[in-house]
Amino acid sequence: MDYNFAYLDEQSKRAIRRSLLKAVAIPGHQIPFASREMPLPYGWGTGGIQLTAAIIGKDDVLKVIDQGADDTTNAVSIRQFFARVAGVASTTKTRLASIIQTRHRIPETALQGGQIMVYQVPMPEPLFKLEPRRTETRMLHALGDYSLMYLQLYDHITRYGRVAIGYDYPVMVHDRYLMSPSPIPAFDVPKMHMSPALQLFGAGREKRLYAVPPYTRVVPLAFADYPFAPVQAQAPCAICGSSSSYKDEIILDDRGTRQYVCSDTDYCEQHPC
Amino acid sequence: MLTSSSQTHTPTPTTAPGPAIIAQSLHFRFGSQMVLRDVSLEVFPGEVLAIVGESGSGKSTLLNLLYGNLQPCQGSVHAIGNAGLQPLASLSQQTLRQLQRSRWGYVCQNPRDALRMAISASGNIIERPMAMGLRHYATLRQEARHWLEKVEIDPARLDDLPGTFSGGMLQRLQIARTLISQPALLYLDEPTSGLDVSVQAALLDLLRKLVSNEQMAVLLVTHDLAVARLLAQRIAVMRRGEIIEAGLADQVLDDPRHPYTQLLVSSVLPA
Amino acid sequence: MSYVAVKGGARAIGAAHQLIADTLYPENNASDTPVDQLHQQLDQQLRLGIDRIMAEASLYDRDIAARALLQAQGDSIEAVFIVRAYRATLSRFLDAEPLKISDSQPQRHISAAFKDVPGGQQLGATYDYSHRLLGYFQHLPAPQSAAEPFIKSEDAAAETRHSGVMQLLEQEGFIETSTAAPTEENRDITQIPPGFPASRAQRLQTLARADEGFLLGMAYSTQRGYGQNHPFIAELRQGSVNVEITPPELGFTICIGQISMTECQMINQFHGDTPEQATFTRGYGLVFGHNERKAIAMALLDRALRARELGEKVQAPAQDEEFVLSHCDNVEATGFVEHLKLPHHVDFQSEIATLRALRAHPKNSPTEHSDGL
């Protein structure tokens, strides 16, 4: 069977681009879009895939990562999908890519102007764990009422002495909307702030997309006396020695010996030992 | 009927000279049924107005109209906002909500309806200042402790979940959570009626202390004339959606004019 | 044919069944495939469908399940029903020894929580990374090497027993210790019916035979905020496991065969009021055959249903034990839902009569019913 360039028909792609324009105009605000079934399951990144399909052109260079790595099964699968239906060039090098589709990480290599990050988002609603009804949360966003989230932070500090959110750390975008940064580690959140790259977020199953335009304020929620302080493995990378990158923890044997290596494989390869 | 008694009763305003809320000729209907008819009132800072009446007399509906949760089909409500008295009908939903959560306070009969039961007691108390932009944990905590003491709850209960509190304590918690923002306008909807008599007395005592210290304008809805006598300077008696008698509390309770009020007083407050 | 034949019901039923028989065993069967062979073919080509029937029927017998599936024209709930009815006729001679899942040779073994785990990540046969394009598997690029299961990490081949991810987390004190001691009242729920509150063992048994679609929907609701859940799959394992029994007359354990099982060990949000008490909690799923969807859903629900035990507020449907466990069985559910097809004209007649009486005597005129109600 033959498919249109980038799988979706042109009408569908245009509809998604229109929603994206709206999203860029209202940073951090969730925009409904007519998400479709893609040939990969919901939860695998159908939102990200649809966004990439909507914006990709023949001259683009695509990089796909999952857990920071280009060679993880899902990243390979999505890259193969676009190779098959769009035939665009792909790369593993962050600085060579024009579009980077990601699940759970932001590359360590600083992003540049003109690049587009496409995040795969499972739950676009940052408040869903505190208020499951979307009719309610939509009202809370409209009123800018984020007490629920701050109360959660307050109770964390009271119980645990710190904010115990390791990933999907809630952020305020452009001082207006509370946003889920997608389940990236809290460690990656500062990379979103004033990034020169355009950041797009797609949630296929929930039929929502949102965006952070270049050079936009993205500020993690915190208290003045309990500033945002992400946790990260202390050990340097066992392969490249980097002490500034985010690490995967690998269990080596039955005694529970651990090794820490860069989760960003491209960064790890380029980082001088 | 205009029930303003500003001619006879002169409050001693310190900050704002005029009333904190004015209702003019309010009408309200549910479907085809007229629930409120031509209700007018005003409340000054430092003053407690009790709206009394049997259940079904329309007093809770009136409170909801005055709070902005319901819109009258005729008449208007002006209440104190960020820039003096503002007509409620002109406020956006955002502004209304913001006023409700800062300049005004609402204490409802069942504290469980107002409290966040999954959040600690202290978290419940500091929600308002936090929503108003206070983002300093230690200060918030200090505030929480301060208010817990003010409503006479053991500070050791600071981080307990409300679910572990007694009914009276829950109501105190709701009061602390509401009064922390020092509202200019306070709505009390049957604040003690779910409680045992002994607990009620202590709570009323506490409410009287807190309210008189803060120069708040208070609207108290109650079916209990004893509660009204204890807290209110003025009383408005409602029957079938209308205010049938209003005036100074002692006057209304000791020398009721309207036969219905006479009945009410004689049945509840044996001389 | 009339719906409720006032007379001649037996003839109508006979004819109805003949219609099904004609579809199942047409007289001029083009393929001429013997029925036994059809069953085999079903088992081979619709393996996952057979697995699902065995799981929901709680009877591990591939041939019986295949026969039921054919007889049910592919309606899996009908097939489950047939197998359950057959299962009811079987006598039990012994309880098996607890299955040693972690000793099994997995055909598939993955962890989502860790990049690599003892025993290695083993992808096995999965649709997970395939593209849902028609004909996808007919047009695969030629394999680069001989057919070998795709093994990601090197030590996966080593035939040693590996400790599970859960045990490693236990060693660090990061996860609650496992608590599933079998007791007398926890035995077979099809022998001793469970009540409420159910023990965890009773709940797990119920979930293991529950309808996959129901579990899936309930589990999904926990992920969308209706019942707190922050799950990570510590280990998902599918493979053949020895079934062992210890006949009293022998006094030692013998293996009587192998069954395919799917197990999901889920790590969930931490629990505890202080940093010292904070540990991850567990959810567990175990299903006959190869059925990862159900094993995962079961683990999510197991965790959600532990709300009360862990001192969490029960507010979502998935946390409500009585709600979930009472409605998850598809044979029970389908029976009661579909029984609405049975004649109800006696009940309905009385309803009509009541309504007529109400209309005949408008309110405020309490008159006696005249039509003998």
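Start by selecting domain 1 of chain A (10-126 + 170-220) and domain 2 of chain A (232-273), with bounds that come from an automatic or database domain assignment. Taken over C-alpha atoms, their centres are separated by 25 Å. This is a predicted model, where local features need pLDDT of at least 70 and side-chain atom pairs count only at pLDDT 80 or more, while totals for chains, interfaces and linings use all residues. Residues are numbered from 1 along each chain as its sequence is written, and chains are lettered from A and ligands numbered from 1 in the order in which they are written.

Now colour the contact between these two domains. Domain 1 of chain A brings 15 residues and domain 2 of chain A brings eight; two residues are in contact if their C-beta atoms, placed from the backbone, lie within 7 Å. On the domain 1 side, you will find four nonpolar, five polar and six charged residues. Here Ala, Val, Leu, Ile, Met, Phe, Trp, Tyr, Cys and Pro count as nonpolar, Asp, Glu, Lys and Arg as charged, and the others, Gly among them, as polar.

Next, bring in chain C. Chain A touches chain C with 20 residues, meeting 23 residues of chain C. To see where, select α3 (73-85), α5 (147-160) and β11 (247-251) of chain A, the elements that give two or more residues to this side. Helices (H or I, at least four residues) and strands (E, at least two) are DSSP runs, numbered from the N terminus. The chain A side has nine nonpolar, five polar and six charged residues.

Move on to chain B and show domain 1 (1-103 + 185-271) and domain 2 (116-182). The C-alpha centres of these chain B domains lie 26 Å apart. Their contact joins 11 residues of domain 1 to 13 residues of domain 2. The domain 1 side of chain B divides into seven nonpolar, two polar and two charged residues.

Stay with chain B for a sheet. Its four strands form an open sheet in the order β2-β1-β4-β5, with antiparallel pairing; two strands pair if DSSP finds at least two bridges between them. At the edges are β2 (33-43) and β5 (84-87) of chain B, each pairing on one side only. Zoom in on β4 (residues 74-81) of chain B, which pairs with β5(B) over four bridges in the antiparallel sense. Which residue of β5(B) is the bridge partner of A79(B)? Click on Q86(B) to see that partner.
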